[in-house]
Structure formats: structure tokens, C-alpha cells
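Dear colleague,

Please find below the structure that I am handing over to you. I would be grateful if you could read the notes that follow it alongside the model.

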Amino acid sequence: MKTIKISQLITLIGFFSLLVISCSSNQKNENITVQDKESFTETFSNAKETTTDAGKQFEEVQDSLRQVLLDSKSNENLKAGLLQEFYLRALVDQKEDKIFFNLPFNIHGLDCGAPDCYSTDISFSIALSEPLEFPDKVDFKLIEQGCIDKEEAKNSVFILKEESQDYINYFSEELKSNLIIKRNGDLYYYPHLKSNSINTETIDAMFETNGFDDADIVPYQSTVMTSNDYQQFIKY
């Protein structure tokens, strides 16, 4: 039988001790990792549920505020038609026998939806009718004002190119631009600088597919219409 020296025995004991400690440590680390994953999953699930609940609560509050705002408006003609959302947000109103439009476009890019320090404002009026009818031709005024070197005002004409229950689409041959007003509250002024009118479906598709190049002029929008907080439109 081969004799093991004491020094060798001590070395072997030390080796096995280290091995046991290492295995124990690995198991501990594995347990911690599993626990961390479970904890993270639970935390993420709770946060997601809380966010969803908060989102639902916000929507419910906004629906209630919108109804309060709608009930406070007296013009049944504007409340019933394509312009309801614009009437609620005070961009459209009736004075005597005319409907007046004052449309401020203060979002000129697609970066973050924040208002720019200057605005492209379009104003015009159409004759009152029941139900409301949009004329084939509209005289309008465009003003650019704010943090620009020189305020600029232009008078031009819109020609009606598209009309449906859900939108109207006007085109200015002089300014080579389109004004699109949609029942759902979408509002675009698109100075694309092309001789032909752009149809509504094309613009919708370009938004859905991020089809606007960085170098392109994009449709201008209005923070009044992109806001989802109705409280700011209620007068106390």
C-alpha cells in the first residue's frame, strides 16, 4: 500500500475544501441570479400593471373631461359634424352667419412634438350652412410670426381637392401646399412645394411608415390638436 505523507494529506484536504467552497459559492451565485431574475420579472410585471392602470385612469378622466367640454358648447351644428374636435379646442367658431377658422401650426418637424418658438397661422371663414358644407374655393391668410427675423403675411386661395365624412383636403396652387382637416382631430399644413396636390391617404401612409426623409419638408402640426389633455380647454 502506498503511504501518503502528512504534507500530501494536508494538500489534498485543502484542495477538496476549496472545491467544496467553490461549488457552494457557485450554487449561491446561481440562486442569487435566479432570485434576481424572479424579482426583476415580478417588479417589471407590477410596474407594467401599474402603468396600464394609470393609463386607463388617465383615459377615463380625459373622456369625462371631454364630455364636460362637449356639454358646455352650444353650437349643435359644429358639435355634430367633422369640425367637432376643432370646435371643442376653440380653433373653429361661429360668428353670425360665418364659421371662422384660426389654425396655429407651431410644430414644424417630427423631432419631439414640442412647440417651436414661431408659428405658421392660417385663418379663413366659410358661410354658415346646415349641414355644414365646404366651398370649392376659400380665400385665406397665412402669417408666420414669432422668433423669426421678419414676420411674413400672405394672402392666397385654397381649392377643395378631397372631401369625405372624415376629412377635407384643400390645395393652394400659389403656395404649393395642402391643408388637411380630419374628423379625428388630425390637422396638417403641408408646404411640400409640389405643383400637384397631395392626397390624404398618401400623407397618412407616410406617417405610418416614417416615410418623411430628414431633408424633406414635413407636414406642420398644431400642439392644440396634438394635446390629449382636455382640462386646458375648459373655462372655469
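This is a predicted model: local features need pLDDT of at least 70, side-chain atom pairs count only at pLDDT 80 or more; totals for chains, interfaces and linings use all residues.

Residues are numbered from 1 along each chain as its sequence is written, and side-chain values use heavy atoms, with hydrogens and water left out.

A nonpolar core here is a set of buried Ala, Val, Leu, Ile, Met, Phe, Trp, Tyr and Cys residues joined through side-chain atoms within 4.5 Å; buried means under 20% relative accessible area with a 1.4 Å probe, protein chains only. The largest such core has 30 residues, and Leu83, Phe101, Leu179 and Ile181 touch the most other members. Elements that each supply at least two residues include helix 3 (84-88) and strand 5 (152-163), and strand 2 gives the most, with four. Helices (H or I, at least four residues) and strands (E, at least two) are DSSP runs, numbered from the N terminus. Leaving aside residues up to four places away in sequence, the contacts of Ile181 include Leu83, Phe86, Phe101 and Leu187, where contact means heavy atoms within 4.5 Å.

Rings of Phe, Tyr and Trp (its six-membered ring) pair if their centres lie within 6.5 Å; planes under 30 degrees apart count as stacked, over 60 as edge-to-face and the rest as tilted. By this rule there are 10 aromatic pairs. Phe105 and Tyr189 form a tilted pair, 5.9 Å centre to centre with 45 degrees between the planes. This pair links strand 2 to strand 8, its members being 84 residues apart. Phe105 counts as buried because its relative accessibility is 0%. Phe140 and Phe158 are stacked, at 3.7 Å centre to centre and 10 degrees between the planes. Phe140 lies in strand 4 and Phe158 in strand 5, so the pair ties together parts that are 18 residues apart in sequence. Phe140 and Phe158 also belong to one aromatic cluster with Phe101, Phe124 and Tyr170.

The largest pocket is lined by 14 residues, with Gly81, Leu82, Leu132, Phe134 and Arg183 nearest its centre. Helix 2 (residues 76-80) gives the most to this lining, with three residues. A pocket is an open set of points on a 1 Å grid over the protein atoms alone, where a 1.4 Å probe fits, with protein on both sides within 12 Å along at least five of seven lines; lining residues have an atom within 4 Å of a point.

Yours sincerely

Key: Buried means under 20% relative accessible area, exposed over 50%, partly exposed in between (1.4 Å probe, protein chains only).
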